[in-house]
Amino acid sequence: MSGDSLPRVPLLINGEFVQSATTEWRDVINPATQQVLARVPMATADEVAAAVAAAQAAFKTWRKAPIGQRARIFLKYQQLIRDNIKSLAAILTAEQGKTLADAEGDVFRGLEVVEHAANIGTLQMGERAHNVAGGVDTYTLLQPLGVCAGITPFNFPAMIPLWMFPMAIATGNTFVLKPSEQDPMVTMRLVELALEAGVPAGVLNVVHGGEQVVNALCDHPDIKAVSFVGSTRVGTHVYERASLTGKRVQCMMGAKNHAIVLPDAHKEQTLNALAGAAFGAAGQRCMAVSVAVLVGAAREWIPEIVSRARGLTVGAGDAAGTDVGPLISCAARERVESLIERGLQDGATLELDGRRPALGGPLQQGNFVGPTIFSGVRPGMAIYEQEIFGPVLCIVGAETMDDAIALINANPNGNGTALFTQSGAAARKFEEEIDVGQVGINVPIPVPVPLFSFTGSRASKLGDLGPYGKQVVLFYTQTKTVTARWFDDASTGGVNTTISLK
């Protein structure tokens, strides 16, 4: 298909899907076959400004929308997502590469946040104290901020946009979303469904682009808050730049997630969990288990870990039986392959080499790396220090659980960690002493359900309030404290020149 006949991904400005006037376009590519699926625009400065202006104008009325009206939109929206989950997953798999089952999981975890947004009536409640002084009441209002913006990554093009705009809009804000330019099509379909659910014109807007658009969102004076999920490099830039203009910012960034395996762990369950968490989504998860710390006799499990990984099927995400799909791009594959080579150079033992899996037909051109395992990994090696973001598991040995905890706490990242054990005492010690935001006990990827908040920490997070859950309601609202006194008659009791409320 020629470039001129390819579908062109639109912008959404003030309730209308419009074609960009830009001269700069990028291809949306199926990572399994290199087929070009569509072209996505790098929005112009005027288009970004128009999206923000539409959101600013819509905020004047949307902020006053009754909370029940907002809740009903998201009740309808969650049903529309449920009705379309299969087709959404198919779009996602075509442009991102993950398996259809994993793509459905991507959509479903976002759907859970939409369901939570429908409960906004109980989430956006303030507090009240009666008669805090003579005839004085104090209460708080959680009021929307205004225009908010979201910048989302390629690895969860359904879930992470749904982490952001539903909660922002449900709390009375308006929103400008910048999806990943690598796989924006499923995001745009979700946006279409949001409009169908009743989100008013201007309340949700979408612009596409790269660094220039990101910077424009960070700099725009009418944007009050920015949410970001992505790499540490970009997230640090967004946090610093947006904070300088007085915005609230939350940035969920890179990781190096460790799982400790004690010898008493349930062996079969643990082996399955490690393989799924390390190699699912081709390792392109910020919560993937990329380091297994085998303690004591568990160090003898390496052959069985390798065997479990070797049994996984590499292929196109839409093919039956596929366990591991492609990486998002040729550049991503080349980077992962170069890090595997660095691991060899640094002296780690390559137990399983997933480079260049034997695949026929159009998949020969795909961005595939199969499950790869290193043992003998130590701090200081590139494969340990860097987030590989591919299907590569590093195995580290430790004599004791204390040694394993010290190793994890010495790592600068703090997104997620897990412990595999059947000992309640060990689990309690682990959750008390580990310095990581999200902890799993026999759960390899401990991303919380939306009743709670995503709580990555240390170098994995900038900003003190996480996405979704109760924390994000505070992030997207301003707490206004009101102290009120109503007099029964005209008597004031005289002038009071102190700060007392007597």
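In this predicted model, Asp402 and Lys429 form a salt bridge, with their closest N and O atoms 2.9 Å apart. Asp402 belongs to helix 14 and Lys429 to helix 15, residues 424-433, so the pair ties together parts that lie 27 residues apart in sequence. Asp402 counts as partly exposed, at 45% relative accessibility, and Lys429 is likewise partly exposed, at 27%. Elsewhere, salt bridges with shared partners join Glu24, Arg26, Lys178 and Glu181 into one network.

A further salt bridge is that of Arg299 and Glu399, at 3.3 Å from N to O. This pair links distant parts of the chain, 100 residues apart: Arg299 sits in the loop between strand 13 and helix 11, and Glu399 in the loop between strand 16 and helix 14. Arg299 is partly exposed, at 33%, whereas Glu399 is exposed, with a relative accessible area of 55%.

Within helix 7, Glu192 and Arg189 lie three residues apart, about one turn of the helix, and their side chains meet in a salt bridge of 2.8 Å. The count of salt bridges comes to 22.

Of its 41 lining residues, the closest to the centre are Phe154, Gly230, Ser231, Arg233 and Val234. Its lining comprises 18 nonpolar, 15 polar and eight charged residues.

The second largest pocket holds about 260 Å³ of space. Closest to its centre, of 14 lining residues, are Arg109, Phe156, Met159, Arg285 and Ile445. Which helix gives the most to this lining? Helix 4 does, with four residues.

Notes. Residues are numbered from 1 along each chain as its sequence is written. This is a predicted model: local features need pLDDT of at least 70, side-chain atom pairs count only at pLDDT 80 or more; totals for chains, interfaces and linings use all residues. Side-chain values use heavy atoms; hydrogens and water are left out. On a 1 Å grid over the protein atoms alone, a cavity is a set of points where a 1.4 Å probe fits but cannot get out, and a pocket is an open set with protein on both sides within 12 Å along at least five of seven lines; lining residues have an atom within 4 Å of a point. Ala, Val, Leu, Ile, Met, Phe, Trp, Tyr, Cys and Pro count as nonpolar, Asp, Glu, Lys and Arg as charged, and the others, Gly among them, as polar. Grid points are joined across faces, edges and corners, and a volume is the space filled by probe spheres set on the points. Helices (H or I, at least four residues) and strands (E, at least two) are DSSP runs, numbered from the N terminus. A salt bridge is a side-chain nitrogen of Lys or Arg within 4 Å of a carboxyl oxygen of Asp or Glu. Buried means under 20% relative accessible area, exposed over 50%, partly exposed in between (1.4 Å probe, protein chains only).
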